[in-house]
Amino acid sequence: MKHILTTQGKQGVLEILGNPQESILYLNDRPIQYSWYAEVGSTWRYHIAQGLTKQAVDLNQGIEALLKRGIQHKGDFLAVAEYFQGFLAAGTYEYGYYELPRDAQWVEIPEGEQYQSFDYYGGGLDIAPTQNAIDDELVTQYQQAILNGARPAMVLLHVADSFMFFILDGHHKFCAYGLAKIPPHAVIITKQEQAYKSLEETLTLAKEMDCTKGEYLGWMRKEKQNLRYYKGQRLDLGEAFRLLA
């Protein structure tokens, strides 16, 4: 299932900016995660993140129940798309319903709410949680439901051709799918417009997010000279994931 929606003249609580080289997630106009690639002999990813004690958006009971039981038909899928569109800043977004790889892993983010900078090998798809508090009992409940045949749906947000995906809803579901060893189901929201920040803008953003590591800032400067390479990168979601009917 796929669907495209355009939001005009609206400033939602969530905004994502970026391109294949970098992704920035804003909540209420404040950056909460900033991730960028650097080629350092292998593909490396640098990340600044702030952990949240709860999910970035609060769901109403109807949508929460729908996602918990799983998307069963196109009407469910369109209801999710319309609902999440209300949280997003102006732009054009493609919604798709996919099955992720069974061995999908997420990026570990800080336990506290302060910004932290870290790095890791980034040679594949990266899934970043926005919530750092996990209820083990809830994970167990989802795991049992999945083993019994349920397929609860997560919601991920990313920019076209980016390999970084942010979890908007479904942290406990993602953990449960992993424990059950079953491929997760997710609605992926893809912002169609890409944005390239200048070096000055990225350095200002890093400072705003308390990143002062000289190595990180140095690679940020270097990769800004290599944007032609990243502008040629493409990610076909239909090849990376299985599109669900």
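**Close-up 1. Strands β2 and β3 run antiparallel and are joined by 5 bridges.** Here you see strand β2, residues 14-18, and its partner β3, residues 22-27. Strands are DSSP runs of E with at least two residues, helices are runs of H or I with at least four, and both are numbered from the N terminus. Two strands count as paired if DSSP finds at least two bridges between them. Look for Gly 18, which stands opposite Ser 23 of β3. A hairpin with 3 residues links β2 to β3. Please keep in mind that this is a predicted model, in which local features need pLDDT of at least 70 and side-chain atom pairs count only at pLDDT 80 or more, while totals for chains, interfaces and linings use all residues. Residues are numbered from 1 along each chain as its sequence is written, and side-chain values use heavy atoms, leaving out hydrogens and water.

**Close-up 2. β3 also pairs with strand β4, in the antiparallel sense.** This pairing covers 6 bridges, and β4 spans residues 30-39. Find Glu 22 and follow the bridge to its partner in β4, Trp 36. The hairpin of β3 and β4 has 2 residues between the strands, and there Asn 28 takes a positive phi near 55°.

**Close-up 3. Both faces of β3 are covered.** One side carries Glu 22, Ile 24 and Tyr 26, the other Ser 23, Leu 25 and Leu 27, and all are buried. Buried means under 20% relative accessible area, exposed means over 50%, and partly exposed lies in between (1.4 Å probe, protein chains only).

**Close-up 4. Glu 22 and Lys 224 form a salt bridge.** In a salt bridge, a side-chain nitrogen of Lys or Arg lies within 4 Å of a carboxyl oxygen of Asp or Glu; by this rule the count is 8. In this pair the closest N and O atoms are 2.8 Å apart. Glu 22 is buried at 2% relative accessible area, and Lys 224 is buried at 11%.

**Close-up 5. Arg 69 and Asp 76 form a salt bridge.** Their closest N and O atoms are 2.9 Å apart. Arg 69 is partly exposed at 39% relative accessibility, whereas Asp 76 is buried at 5%.
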